[in-house]
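Here are my notes for your review. Please read them with the model open beside you.

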Amino acid sequence: MTHRIVVLGGGTGGTMVANRLRRRYGEDEATIAVVDRDDRHVYQPGLVFLPFGLTDSDEIVRPRQRQLRGGIDFHQSEVEHVDIEEDEVVLEDGTTLQYDVLVVATGVVLQPEETEGLTGPGWNERMFTFYDIAGAEQLARALDSFDGGRVVVNLVDMPIKCPVAPLEFAFLADAYFSERHLRDKVELTYVTPLDGAFTKPVASERLAGLLSDKRIELVTEFAAGEVDGERGRLVSWDEREVPFDLLVTVPLHGGAAYVGRSEGLGDDLGFVPTNQRTLQSLAKANIFAIGDATNIPTSKAGSVAHFEGEVLEDNVARFLEDRELSTAYDGHANCFIETGFGKALLIDFNYEQEPVPGHFPTAIGLPLLKESRLNHLGKLMFQWLYWHVLLPGRDIPGISAEMPESGKRSQPEPV
Ligand SMILES: Cc1cc2nc3c(=O)[nH]c(=O)nc-3n(C[C@H](O)[C@H](O)[C@H](O)COP(=O)(O)OP(=O)(O)OC[C@H]3O[C@@H](n4cnc5c(N)ncnc54)[C@H](O)[C@@H]3O)c2cc1C
């Protein structure tokens, strides 16, 4: 019998999983279809560099279909809905795809319109997001002509993709204005709804220290409720105000809209309730989910999709063979944090282990939670690995879904 596997979303997680499954199964054993609305695959970590002219769109966008192995059917269309009772996906172009296994990998949608005033007067003139290509390009032009004033970086609420990306933006802005000899004319402020610079205590303390070293003011527990683009004011629900000349926002995130139209598939925010160890959805046994589309309590990050992909591939095979699923996904996440001036930090953690100092992946390796040039080079090299190793569904020797423990210092040294 030929298995029918349908993957919704041809981004980081969907492409990786489709390619891994294509390697595992011959074409007579399984048909694999991938659905995506467009044919532009964006290397999203590059969006942090784009506003500062450190990369450009040509370097970080590639044709989506070309990242898929031969023998994978690519459907370019919006997903209209999934009928989980009938095991079928209906596409906006009228196609119906029936499946034995469905993998949901449609990521998140940005919802700037959900914050009052954010997409009103001033949107893409003095208020920007770098979380998509169009926004990052517009912000690059605005930064180019900015010659001083108050720059505010704000994340409206969690969850967001890559929770360290707004911090990276703030650090790179410090370096950018310094290199343009404008730093003394720019007040940089980082405004977050969290009670510190980051979600995890040890990393949060380190990152708050770096913000302070770089003269970036940290405003915490600020739940942004409104943006007044005419007056240049970010206003919280408890009526605190932060003034800005240029606002860089990370808007609210939700799940893909079709999830809400697919009865029984998602939660109120459009994310797919998913078993955090097996990656099987709670909606139905033949539906799995990966990456930003899930509701699991780890970071929404490409590294997470990569580690999940290994377990998910195995579990799709186990499901099709009627075997018990593996519970191997431990929440492993790994992120380089660019800090400007050619340096970066690295954090590595899972559901139980918060980011701590030490080295990765073993006692000899990249320094954890410490600025270094080596980590910056690692971040730059990662783009090559992304296109040539991760997306094609290959393994990186020595780095796997299971978080390595040997290089970590369980007792963090004092900051
Ligand atoms: C600025 C920025 C910096 C980042 N930096 C890092 C980093 O340094 N390290 C890291 O690990 N991660 C980073 N990330 C996060 C990382 O890019 C994402 O977590 C990762 O891409 C998630 O993969 P995914 O497959 O879940 O979603 P995506 O890669 O976003 O793919 C989802 C796909 O689904 C498609 N889709 C959605 N809805 C529909 C629909 N209705 N019909 C058809 N197609 C649809 C979309 O077109 C898209 O191609 C960053 C993200 C951003 C925005």
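The points below go from the whole chain to its sheet, hairpins and single residues.

1. **Basis.** This is a predicted model, in which local features need pLDDT of at least 70 and side-chain atom pairs count only at pLDDT 80 or more, while totals for chains, interfaces and linings use all residues. Residues are numbered from 1 along each chain as its sequence is written, and side-chain values use heavy atoms, with hydrogens and water left out.

2. **Overall fold.** The protein chain has eight helices and 24 strands. Helices (H or I, at least four residues) and strands (E, at least two) are DSSP runs, numbered from the N terminus. The radius of gyration is 21 Å, close to the 22 Å from the globule rule for 415 residues, so the chain is as compact as a globular protein of that length. That radius is taken over C-alpha atoms, and the rule is 2.2 Å times the number of residues to the power 0.38. Along its principal axes the C-alpha trace spans about 70 × 50 × 40 Å.

3. Of the 415 residues, 58% count as buried. Buried means under 20% relative accessible area, exposed over 50%, and partly exposed in between (1.4 Å probe, protein chains only). Take the contacts (heavy atoms within 4.5 Å) between residues at least 6 apart in sequence: 68% of them join residues at least 24 apart.

4. **Surface and charge.** The accessible surface comes to about 17,400 Å², and 46% of it belongs to carbon and sulfur atoms. Accessible areas come from the Shrake-Rupley method with a 1.4 Å probe; for residues, only the protein chains shown count as cover. The chain carries 38 positive and 67 negative charges, and their mean positions are 7 Å apart. Lys and Arg count as positive and Asp and Glu as negative; His and the chain ends are not counted. Each charge is placed at NZ of Lys, CZ of Arg, CG of Asp or CD of Glu.

5. **The parallel sheet.** Strands of a sheet pair through backbone hydrogen bonds, either parallel or antiparallel. Here two strands pair if DSSP finds at least two bridges between them. Five strands form an open sheet with parallel pairing, in the order β11-β18-β12-β13-β14. β11 (127–128) and β14 (216–219) stand at the edges with a single partner strand each, so one side of each is left without a neighbour in the sheet. β11 runs parallel to β18 (residues 246–250), joined by two bridges. Met127 has Leu247 of β18 as its bridge partner.

6. **Glu187 in β13.** Glu187 sits in strand β13 (residues 186–191). Beyond its neighbours within four places in sequence, Glu187 is in contact with Gly149, Arg150 and Val151. Its C-alpha lies 15 Å from that of Arg126, which is 61 residues away along the chain.

7. **Linked hairpins.** β15 (residues 224–228) and β16 (residues 233–236) pair antiparallel over four bridges. Asp228 is bridged to Arg233. Four residues lie between these strands, and Gly232 takes a positive phi near 65 degrees. β16 also pairs antiparallel with β17 (residues 241–243), over three bridges. Arg233 finds its bridge partner in β17 at Pro243.

8. **A further hairpin.** β6 (residues 79–83) and β7 (residues 88–91) run antiparallel and are joined by four bridges. Val79 is the bridge partner of Leu91. The hairpin has four residues between its strands, and Asp87 has a positive phi near 55 degrees.

9. **Positive phi outside glycine.** Glu239 has phi near 65 degrees, a positive value in a residue other than glycine. Glu239 lies in the loop between β16 and β17 and is exposed, with a relative accessible area of 68%. Leu279, also not a glycine, has a positive phi near 70 degrees. Leu279 lies in the loop between α6 (257–261) and β20 (287–289). At 0% relative accessibility, Leu279 counts as buried.

10. **Cis peptides.** Where are the prolines that follow a cis bond? The bond from Met158 to Pro159 is cis, with omega near 0 degrees. Pro159 is in the loop between β12 (149–155) and α4 (165–179). The bond from Phe360 to Pro361 is cis too, with omega near 0 degrees. Pro361 belongs to strand β23 (residues 358–361).
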